[in-house]
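Reader: I am new to this model. Please walk me through how to read it, one feature at a time.

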Amino acid sequence: MTKKLALVGSVLAALVVSTGAVFSHGDVQPQEIKTDGLENLGDEWKNENPYRGNETAIKIGASGYNQNCARCHGLEVISGGLAPDLRYLEKGKDGDEWFKERVTHGAIINGVTKMPVFAGVLSQEGLWAIRSYLESKHEEQ
């Protein structure tokens with residue numbers, strides 16, 4: 001009987017520890033995006049991506065995406081279904097408009113935050129660099 005209780009206790013302890021690891025991923029702090037080499041954009045948000053096609057921005061955006069976006073939108077911008085697959089986000093002004101709306105206002109659906117607001121947490125330069133990276137990974141549906 002004592003061996004069975006010890007076994008049950010060990011299994012329960014393992015479940016508690018592993019459950020904590022699974023649920024703790026949502027409590028991650030945004031990581032600063034180093035934007036050295038990019039033009040300073042000022043405080044007022046641009047309506048279109050000022051770094052479109054800029055190789056430095058794409059490189060910076062790749063790092064920023066992997067640190068701040070990949071946990072929901074997937075590595076290499078390939079979503080596993082938790083969040084929109086950003087490879088299919090429209091290129092150009094229409095996609096910029098959607099991107100700007102999401103990063104500046106987030107997304108709340110049925111009272112649940114599906115995407116946090118990143119404007120003011122990450123720089124406009126860093127966020128437009130991420131957009132440049134997303135466009136470099138664009139695919140048609």
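Author: Start with burial. Buried means under 20% relative accessible area, exposed means over 50%, and partly exposed lies in between (1.4 Å probe, protein chains only). Some ground rules follow. This is a predicted model, where local features need pLDDT of at least 70 and side-chain atom pairs count only at pLDDT 80 or more, while totals for chains, interfaces and linings use all residues. Residues are numbered from 1 along each chain as its sequence is written, and side-chain values use heavy atoms, with hydrogens and water left out.

Reader: What share of the 141 residues in the chain is buried?

Author: Buried residues account for 35%.

Reader: Which elements does the chain have, from the N terminus on?

Author: Helices (H or I, at least four residues) and strands (E, at least two) are DSSP runs, numbered from the N terminus. Here there are five helices and two strands. Their order is α-α-α-α-β-β-α.

Reader: How do I read a pair of helices?

Author: Two packed helices are described by the angle between their axes and the distance between the axes. Axes are lines fitted to C-alpha atoms, for helices over the stretch in contact, and angles run from 0 to 180 degrees between N-to-C directions. Take helix α4 (residues 92–105) and helix α5 (residues 124–136): their axes come within 11 Å and cross at roughly 135°. That makes α4 oblique to α5. As for the cut-offs, under 35 degrees is roughly parallel, over 145 roughly antiparallel, 65 to 115 roughly perpendicular, and the rest oblique.

Reader: Which residues of α4 and α5 make the contact?

Author: Contact means heavy atoms within 4.5 Å. From α4 come Gly92, Gly95, Asp96, Phe99, Lys100 and Val103. From α5 come Leu127, Trp128, Ile130, Arg131, Leu134 and Glu135. Six residues of this contact are nonpolar, two polar and four charged. Ala, Val, Leu, Ile, Met, Phe, Trp, Tyr, Cys and Pro count as nonpolar, Asp, Glu, Lys and Arg as charged, and the others, Gly among them, as polar.

Reader: How many salt bridges does the structure hold?

Author: Side chains of opposite charge can pair when their charged atoms come close. A salt bridge is a side-chain nitrogen of Lys or Arg within 4 Å of a carboxyl oxygen of Asp or Glu. The structure holds eight. In one of them, Arg131 pairs with Asp96, with the closest N and O atoms 2.7 Å apart. This pair links helix α5 to helix α4, 35 residues apart. Arg131 and Asp96 are both buried. Shared partners join Arg52, Asp96, Arg131 and Glu135 into one network of salt bridges.

Reader: Where does Arg52 lie?

Author: Arg52 and Asp96 meet in a salt bridge (2.3 Å, N to O). Arg52 lies in the loop between α1 (2–23) and α2 (55–68) and Asp96 in helix α4, so the pair ties together parts 44 residues apart in sequence. Arg52 is partly exposed, at 35% relative accessibility. Asp96 is buried, at 0%.

Reader: And beyond that network?

Author: Glu76 and Lys137 also form a salt bridge (2.9 Å, N to O). Glu76 is in the loop between α3 (70–73) and α4, and Lys137 is in the segment after α5, 61 residues apart.

Reader: Is Leu89 buried or exposed?

Author: Leu89 is buried, at 11% relative accessibility. Leu89 sits in the loop between α3 and α4. Leaving out residues up to four places away in sequence, Leu89 touches Gly95, Trp98, Phe99, Arg131, Leu134 and His138.
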